[in-house]
Amino acid sequence: MYPPNLSKVYPVYSYTTPLSRNRLRTSVLASLITALVLITILSHSCCTTNTFHYNQYASSEPLPLHHVFEPANSTLGFGAILAVSPPESTRRYNLLQAANVTELDITIPELPRWTEKDEIEFRKKSVDIPQIPRSMIFAWMSHLRVLEWFLTSGLETALIIEDDMDWDIRLRSLQAPRVAASIRSFFSTPREPNPATKPNTTASPPPYHHPSPSTPDRFYYGDPSAWDILYLGHFDRWSWPSQPVGVGVQTPSSLTSQPYTLIPDPTLPPRYNMHPTVASLLTALGVPPATRVLHPSRVTYGSWAYGVTRASAAKIITDAVAGPGCEKWALDAFDQAMLKACQKGRVRCWVVFPELMHHREGVKGMIEYALGTTGGELAAAQRDRTGETDQIACGFAGGELEWGDDEGRLKGLREMARMGRCPKGGREGGIGEWVGEYGG
């Protein structure tokens with residue numbers, strides 16, 4: 001059974017849709033209250049441009065592969081999962097189908113219908129950005145609005161996701177608990193600058209509480225004062241789009257020269273079923289098969305799923321990081337503004353690679369990426385062959401785990417998710433083994 005959601009719940013307007021009996025919540029906080037709260041937070045937040053030195057953390061040994069972890073709660077150990085989703089977005093259907101199967105509680109803050117006037121006001125605060133298309137500006141403003149909503153909520157942490165995300169059916173039961181335990185272990189032990197210092201990894205991971213304002217001393221993803229942005233959904237290149245990446249470019253020392261920790265995860269797809277660039281990069285870095293890695297951000301594109309704290313959200317919405325007046329390139333987006341801030345040390349950014357969430361290829365998102373993230377013909381062939389989203393072994397993109405309005409089928413899918421099993425044919429038990437009992 002899943003543990004209860006221990007996060008504090010704040011009163012917001014609720015409604016249900018034909019797609020789901022899970023609650024969707026929209027904010028009705030008054031704009032005056034929002035402004036007062038943000039002013040208070042920003043007045044106590046440090047938004048300096050000082051560089052953060054990642055070498056205060058030493059690399060650590062991976063946690064034992066055989067260790068059994070408790071499932072995450074319904075917000076994956078964050079105070080809330082907040083979806084960036086424009087009004088009447090058609091992508092919500094797939095988002096809610098997956099959320100119901102994995103029993104995730106997703107909050108969708110209400111966003112305005114952005115207009116040409118909003119676009120003009122955004123451009124007024126920027127310098128020399130005529131090439132940024134309207135869709136990127138609207139998506140940018142939507143991320144900032146959701147971060148502002150989070151800052152008024154009273155929650156300590158949040159996972160911000162875009163509404164075209166795909167994830168593995170075992171995300172809550174197996175993947176997030178293992179990733180979180182590794183991050184807690186990495187950040188929990190005081191570390192000397194000497195990378196040779198290794199913590200004791202023979203003991204079981206320490207007990208934890210899910211994040212709540214009433215328990216600031218223990219957090220699911222480690223001390224929130226140790227990180228600002230935790231990338232769980234992204235396209236991690238390690239080099240600029242115009243530069244080569246992977247075997248022949250990076251080497252194991254590219255990873256081991258910085259703090260990192262390995263995260264064994266048998267639910268990852270084999271390399272031959274991953275995006276070709278990701279597979280090549282993992283091989284070049286010397287990462288073992290069926291293993292993720294936590295490392296400082298290098299060249300991380302995609303604001304698909306990222307964890308924030310109250311302090312870091314207050315930084316992100318300023319012009320020092322990703323506010324409307326932040327430094328921009330000619331063709332820019334919200335994720336690239338955060339990338340630059342990460343590289344300049346204005347925020348402390350850590351990446352789980354390969355990612356836990358990935359945007360659905362072929363689904364029109366809030367913006368269209370033109371940075372080589374699709375991978376060309378090889379990546380398209382890999383997706384056609386597997387029917388899966390990049391770096392996901394048992395996801396929802398192919399439609400095999402869709403339940404529509406069949407509650408019997410939903411019940412069966414939920415049971416498989418709780419058990420950490422993939423109910424696809426030939427993968428840990430096919431659909432035919434259980435669909436008869438619950439209907440189809």
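**View 1. Eight aromatic pairs are present in the structure, a predicted model**. Rings of Phe, Tyr and Trp (its six-membered ring) pair if their centres lie within 6.5 Å, and planes under 30 degrees apart count as stacked, over 60 as edge-to-face and the rest as tilted. One of the pairs joins Trp167 and Phe396 in an edge-to-face arrangement, at 6.4 Å centre to centre and 65° between the planes. This pair connects distant parts of the chain, 229 residues apart: Trp167 belongs to strand β6 (residues 165–167), whereas Phe396 sits in the loop between α10 (376–386) and α11 (407–419). Helices (H or I, at least four residues) and strands (E, at least two) are DSSP runs, numbered from the N terminus. Trp167 is buried because its relative accessibility is 0%, and Phe396 is buried at a relative accessible area of 6%. Buried means under 20% relative accessible area, exposed over 50%, partly exposed in between (1.4 Å probe, protein chains only).

**View 2. Phe186 and Phe187 form an edge-to-face aromatic pair**. Their ring centres are 5.1 Å apart, with 75° between the planes. Phe186 is buried, at 0% relative accessible area. Phe187 has 7% relative accessibility and so counts as buried.

**View 3. Phe78, Tyr220 and Tyr221 make up one aromatic cluster**.

**View 4. Strand β10 (residues 300–309) is largely enclosed by the rest of the structure**. The reason is burial, because ten of its ten residues are buried. Strand β5 (residues 157–162) pairs with β10 in the antiparallel sense over five bridges, and Ile160 stands opposite Tyr306 in β10. Strand β7 (residues 229–236) also runs antiparallel to β10, joined by six bridges. Here Leu230 stands opposite Gly307 in β10. Two strands pair if DSSP finds at least two bridges between them.

**View 5. Ser89 makes a side-chain polar contact with Asp163**. The contact between the two side chains is 2.7 Å. A polar contact is a pair of N or O atoms within 3.5 Å; within protein, one must be able to donate a hydrogen and the other to accept it, and residues adjacent in sequence count only if both atoms are side-chain atoms. Ser89 lies in the loop between β3 (81–84) and α2 (92–102). Its relative accessible area is 12%, so Ser89 is buried.

**View 6. Gln258 is a buried loop residue between α6 (252–256) and β8 (261–264)**. The relative accessible area of Gln258 is 12%. Its C-alpha atom is separated by 7.7 Å from that of Pro296, 38 residues apart along the chain.

**View 7. The second largest cavity has a volume of about 70 Å³**. The structure holds six cavities of 30 Å³ or more. On a 1 Å grid over the protein atoms alone, a cavity is a set of points where a 1.4 Å probe fits but cannot get out, and lining residues have an atom within 4 Å of a point. Grid points are joined across faces, edges and corners, and a volume is the space filled by probe spheres set on the points. The lining of the second largest cavity includes Asp319, Ala320, Val321, Cys326 and Glu327, together with Ala337, Lys340, Ala341, Lys344 and Arg346. These lining residues divide into five nonpolar, no polar and five charged. Ala, Val, Leu, Ile, Met, Phe, Trp, Tyr, Cys and Pro count as nonpolar, Asp, Glu, Lys and Arg as charged, and the others, Gly among them, as polar.

**Notes.** In this predicted model, local features need pLDDT of at least 70 and side-chain atom pairs count only at pLDDT 80 or more, while totals for chains, interfaces and linings use all residues. Residues are numbered from 1 along each chain as its sequence is written, and side-chain values use heavy atoms, with hydrogens and water left out.

Key
On a 1 Å grid over the protein atoms alone, a cavity is a set of points where a 1.4 Å probe fits but cannot get out, and a pocket is an open set with protein on both sides within 12 Å along at least five of seven lines; lining residues have an atom within 4 Å of a point.
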